[in-house]
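User: I am new to reading protein models. Can you take me through this one, feature by feature?

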Amino acid sequence: MSNNFRNNKFVRIPRIFWDLTTNQVLTMQFCHGQKVDDVVFLKGMKINPEKVAKKLLEVFAEMIFIHGFLHGDPHPGNILVSIEGQGGFSLVLLDHGICKKLDEEFRLEYCQLWKALILLDSRKIQHLAERFGVGKYYRYLPIIFSGRTIDSKSGIGKGMLVEEQKKMKQHLKALEMEDISSFMESLPSNFLIILRTDELLRSTVSKLGASKWVRLLTYGKYASLGLSLKSNPCSDLTSLALYTRLIGNIEYILLRLTIGVTNLVLWMEKLKRCLNKFYGKMSAAGKGMSTMFFNIYFKM
């Protein structure tokens, strides 16, 4: 894992002393730092907690979507913030006891899943859910990962509308315990450890004050970069890296444009509903005023 981040000025991975490491004890180089979710410490050191959250998400997104490698236990005690580093701080990743190498097929399909989740591409989500062995429960994947229903009318990172929440509660009431057990048992082992990792990251990022939008956009960006690695005609390593980043950035820009257009359309629809409601109230008020003047006139 250290080789993947050797050029990243925001990441430090302590050296492991393998000759002093056993099946029960992992011996690593000592590093100074505070727990990543210690907001008081960060503010005291003039470090922006939201910037730390963004870098934390970027590190794990790169780890999963690009390198196909996973640190499966990123609780705050295993991630320190050190004031050392060219960027004003660095993240120190500890305890590599629960690490997993993702196979290339899964990595690519997970990248595709996140791109589909961002765009709410229901057909693609259903197809990938079938590939993961949970096709029957495909409509729940957007809720698990992005907090939106598969047919959501709200913008990305905005959460569910009241109507969507009511509809979702009805769907959940229809589920039986055996459905939940079947869903969990059908998930690949890679998926389970990713769910654990993502839940721990979400908790930490929330404590640091970052919005849902930051997480979703970061994952969308690195999923696009990860997909650009799958087919590359360049043989030269330098050209390969440049070409890959170029294609990934183009895909990410297109993704951002799609999100922007979608959010604009949703905003316009919301504005239209508000104007129609306002017009209806004004019309009703106008009719009421006309009736009142009509009654006054005839009483005179």
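Analyst: Start with contact, which means heavy atoms within 4.5 Å. Serine 90, for one, touches Lys9, Phe10, Arg12, Leu80, Val81, Ser82, Glu84 and Gly85, leaving out residues up to four places away in sequence. Keep in mind that this is a predicted model: local features need pLDDT of at least 70, side-chain atom pairs count only at pLDDT 80 or more, and totals for chains, interfaces and linings use all residues. Residues are numbered from 1 along each chain as its sequence is written, and side-chain values use heavy atoms, with hydrogens and water left out.

User: How confident is the predictor, and where is pLDDT under 50?

Analyst: pLDDT is the predictor's confidence in each residue, from 0 to 100. The average for the protein is 78, and 69% of the residues score at least 70. Over residues 231-237 pLDDT stays under 50, and the model has seven contacts there beyond four places in sequence. Where pLDDT is low, predicted coordinates should not be read in detail.

User: How many helices and strands does the protein have?

Analyst: Helices (H or I, at least four residues) and strands (E, at least two) are DSSP runs, numbered from the N terminus. This protein has 10 helices and six strands.

User: In what order do the strands of the open sheet come?

Analyst: Strands of a sheet pair through backbone hydrogen bonds, either parallel or antiparallel. Two strands pair if DSSP finds at least two bridges between them. Here four strands form an open sheet in the order β1-β5-β4-β2, with mixed pairing. β1 (11-12) and β2 (34-35) are at the edges with a single partner strand each, so one side of each has no neighbour in the sheet. β4 (residues 79-82) and β5 run antiparallel, joined by four bridges. β2 and β4 also run antiparallel, with two bridges. Glutamine 34 stands opposite valine 81 in β4.

User: Where is serine 90, and is it buried or exposed?

Analyst: Buried means under 20% relative accessible area, exposed over 50%, and partly exposed in between (1.4 Å probe, protein chains only). Serine 90 is in strand β5 (residues 90-93). Its relative accessibility is 0%, so serine 90 counts as buried. Its bridge partner is serine 82. In β4, Ile79 and Val81 point one way, Leu80 and Ser82 the other, and all are buried. Across the protein, buried residues make up 40% of the 300 residues.

User: Which residues touch the most other members of the largest nonpolar core?

Analyst: A nonpolar core is a set of buried Ala, Val, Leu, Ile, Met, Phe, Trp, Tyr and Cys residues joined through side-chain atoms within 4.5 Å. The largest one has 62 residues, and Val52, Phe65, Leu91, Tyr110, Leu113, Trp114 and Phe145 touch the most other members. Helix α2 (residues 49-66) gives the most, with 11 residues. Phenylalanine 145 has contacts beyond four places in sequence that include Tyr110, Leu113, Trp114 and Phe191.

User: What is the phi of lysine 46, and of leucine 120?

Analyst: Most residues other than glycine have a negative phi. Lysine 46 has a positive phi of about 60°. Leucine 120 has a positive phi of about 50°. Lysine 46 lies in the loop between α1 (39-44) and α2, and leucine 120 in the loop between α3 (104-119) and α4 (122-131). Lysine 46 is exposed, with a relative accessible area of 77%, whereas leucine 120 is buried at 18%.
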